[in-house]
Amino acid sequence: MTKKSRLGALDPRPKLMLMASASTACILANDLIYIASVLCMLIATLLIGGMDVRLVLRRAKAIFVLIAMLFVIQTFFSGLPYPGGLLLAAMLSLRLLVVVLAGLILMEGEVRDYLLALVQMKMPYTLAFMVVVGLHFLPILREEAVNIYCCMQLRGKDFKNMKLTEKVRAYTGICLPILVGALRRADEMSVAMETRGFRSRPSRTYMRQLKMRGADIALTILWPAILVVLYEVECVF
Amino acid sequence: MNTNPVMVRGLNFSYEEEGGTPALCGVDLTILSGTVTVLIGPSGCGKTTLCKCLCGIIPKLIHGVTNGEVFVFGREIANDESIAISSLSEQIGLVMQVPDHQIVMTAVEDDVAFGPENRMMPPPEVRDLVDHTLSEMDLTQKAEADPSALSGGEKQRLAIAGVLAMGPEIMVFDEPVSSLDSAGRDHFVQIVKALKEAGKTIIIVEHDFEVFDFADQWVLMKEGRIVCASAPREIPRELVESELWH
């Protein structure tokens with residue numbers, strides 16, 4: 001079993017709280033310095049939490065490129081005189097960075113713990129279960145897509161040298177079997193769940209229970225508190 | 001009163017509402033307690049459909065035209081709409097052909113706990129039951145693993161563990177060894193023998209019938225009908241071969 005990072009060892013609830021509070025604060029705030037401060041705090045949390053920086057960069061490489069492109073477009077095409085466009089672009093880009101990095105924190109943890117966390121946060125089990133099953137199926141669907149892509153290539157489809165219209169048609173040919181397979185899988189799974197008593201009683205029990213420790217409670221309180229204090233400081237100066 | 005684990009009387013089923021090819025025609029079958037029964041027949045002969053009828057999946061979840069009676073421990077399930085699938089799961093459990101379709105949780109032990117938790121079993125009892133079942137299926141070392149990372153044989157053992165944790169008296173296996181190597185098949189045979197020793201009634205759907213020559217009953221099916229049902233030594237191999245491949 002792989003060794004967990006400090007963030008990975010935390011209860012999922014403070015991580016959910018951190019993600020929600022940081023993202024909300026940055027979306028609501030209209031001040032570049034405030035957003036930059038939150039971003040710095042977030043990066044510090046990720047580093048102290050032992051998150052693998054190279055892994056973060058690899059996972060979100062495409063999003064970072066997209067944010068950089070948005071920055072350039074916003075700077076030159078916002079229609080605002082200098083430095084208005086630049087400031088707007090910086091604010092928008094930093095906001096997106098905060099949302100993405102806050103989301104990456106959730107990757108430090110196990111899906112099964114998030115299910116329990118959502119339930120212990122009083123989310124209905126059926127809803128939490130659907131969210132988790134959806135996340136669980138993403139890699140399986142991806143694997144199916146890769147298999148179909150390989151099969152089509154083995155049967156003579158040359159994706160690289162296709163025209164755009166041909167490509168669209170070919171990718172439709174990949175999507176349809178995945179969709180049909182997903183529906184069939186969902187059907188079988190619903191039968192399996194039914195035969196194992198899913199929703200047969202008004203409630204259910206849970207073999208495991210999550211317990212908040214000192215570090216979890218501290219993070220749950222500290223992050224929103226620092227966000228509020230930072231906001232107040234920005235307002236004063 | 002009839003208390004046989006399974007008794008089927010004059011069962012007919014068609015997937016289509018009108019004029020469809022019948023999947024089952026006049027099926028009569030009795031399965032005694034603590035026995036191993038193997039359903040044999042060519043693809044499309046109605047073996048899986050019969051299993052789904054025994055578990056109540058047909059007609060409760062998969063609809064079609066059903067006639068006849070299916071008794072599970074004396075309770076008629078095919079025509080009684082008040083019986084829920086979940087209540088049947090305490091008496092009869094189905095291990096599907098593809099284990100991936102049956103594994104619903106993201107950790108091995110959570111998947112085994114899924115059924116007992118749904119039945120509101122107290123958490124300490126769920127923990128004991130999960131540990132015991134994982135140990136029986138030789139999966140203790142994989143308790144916290146992601147099921148998608150398991151081998152084919154391990155996934156199948158997990159699917160069995162998930163059903164076993166529901167505590168059914170009857171266990172139905174749909175083509176359990178079709179995707180296993182010879183070591184996996186041997187392991188599965190050992191599991192079936194252990195379940196039989198524990199007093200469970202076992203029903204297996206399988207093409208490779210020779211693997212289960214220790215069964216108490218072979219049921220030979222063709223085109224939705226039962227051709228013969230008897231002890232393996234009483235059924236001529238030539239008959240089985242001719243019904244299967246011709």
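The second largest cavity is lined by Thr195(A), Arg196(A), Ser89(B), Ile92(B), Gly93(B), Leu94(B), Val163(B) and Met166(B). This is a predicted model, in which local features need pLDDT of at least 70, side-chain atom pairs count only at pLDDT 80 or more, and totals for chains, interfaces and linings use all residues. Residues are numbered from 1 along each chain as its sequence is written, chains are lettered from A and ligands numbered from 1 in the order written, and side-chain values use heavy atoms, without hydrogens and water.

**Cavities and pocket**

On a 1 Å grid over the protein atoms alone, a cavity is a set of points where a 1.4 Å probe fits but cannot get out; a pocket is an open set with protein on both sides within 12 Å along at least five of seven lines; lining residues have an atom within 4 Å of a point. A volume is the space filled by probe spheres set on the points, which are joined across faces, edges and corners. Three cavities of 30 Å³ or more are counted.

| Space | Volume | Lining by class |
|---|---|---|
| Largest cavity | about 130 Å³ | eight nonpolar, no polar, five charged residues |
| Second largest cavity | about 50 Å³ | four nonpolar, three polar, one charged residues |
| Largest pocket | about 1,600 Å³ | 19 nonpolar, nine polar, 15 charged residues |

Here Ala, Val, Leu, Ile, Met, Phe, Trp, Tyr, Cys and Pro count as nonpolar, Asp, Glu, Lys and Arg as charged, and the others, Gly among them, as polar.

Helices (H or I, at least four residues) and strands (E, at least two) are DSSP runs, numbered from the N terminus. Strand 6 (residues 92-95) of chain B gives the most to the second largest cavity, with three residues.

The largest cavity has 13 lining residues; closest to its centre are Leu116(A), Tyr206(A), Met105(B), Asp110(B) and Glu117(B). Helix 7 (111-120) of chain A gives the most to this lining, with four residues.

The largest pocket is lined by 43 residues. Nearest its centre lie Gly109(A), Glu110(A), Val111(A), Pro139(A) and Asp146(B). Helix 8 (125-154) of chain A supplies the largest share, 12 residues.

**The sheet of chain B**

Strands of a sheet pair through backbone hydrogen bonds, either parallel or antiparallel. Two strands pair here if DSSP finds at least two bridges between them. In chain B, six strands form an open sheet in the order 6-7-8-3-9-10, with mixed pairing. Strand 6 and strand 10 are its edges.

Strand 3 (residues 36-40) and strand 9 of chain B run parallel, joined by four bridges. Val38(B) has Trp218(B) as its bridge partner there. Trp218(B) also stands opposite Ser230(B) in strand 10. Strand 9 (residues 217-222) and strand 10 (residues 225-230) of chain B run antiparallel, with five bridges. These two form a hairpin with two residues between them, and Glu223(B) in the turn has a positive phi of about 50°.

**Aromatic pairs**

Rings of Phe, Tyr and Trp (its six-membered ring) pair if their centres lie within 6.5 Å; planes under 30 degrees apart count as stacked, over 60 as edge-to-face and the rest as tilted. There are 13 aromatic pairs over all chains. Phe198(A) and Phe114(B) are stacked because their planes lie at 20°, with ring centres 5.9 Å apart. This pair crosses between chains. Both Phe198(A) and Phe114(B) are buried (under 20% relative accessible area; exposed is over 50%, partly exposed in between, with a 1.4 Å probe and protein chains only).
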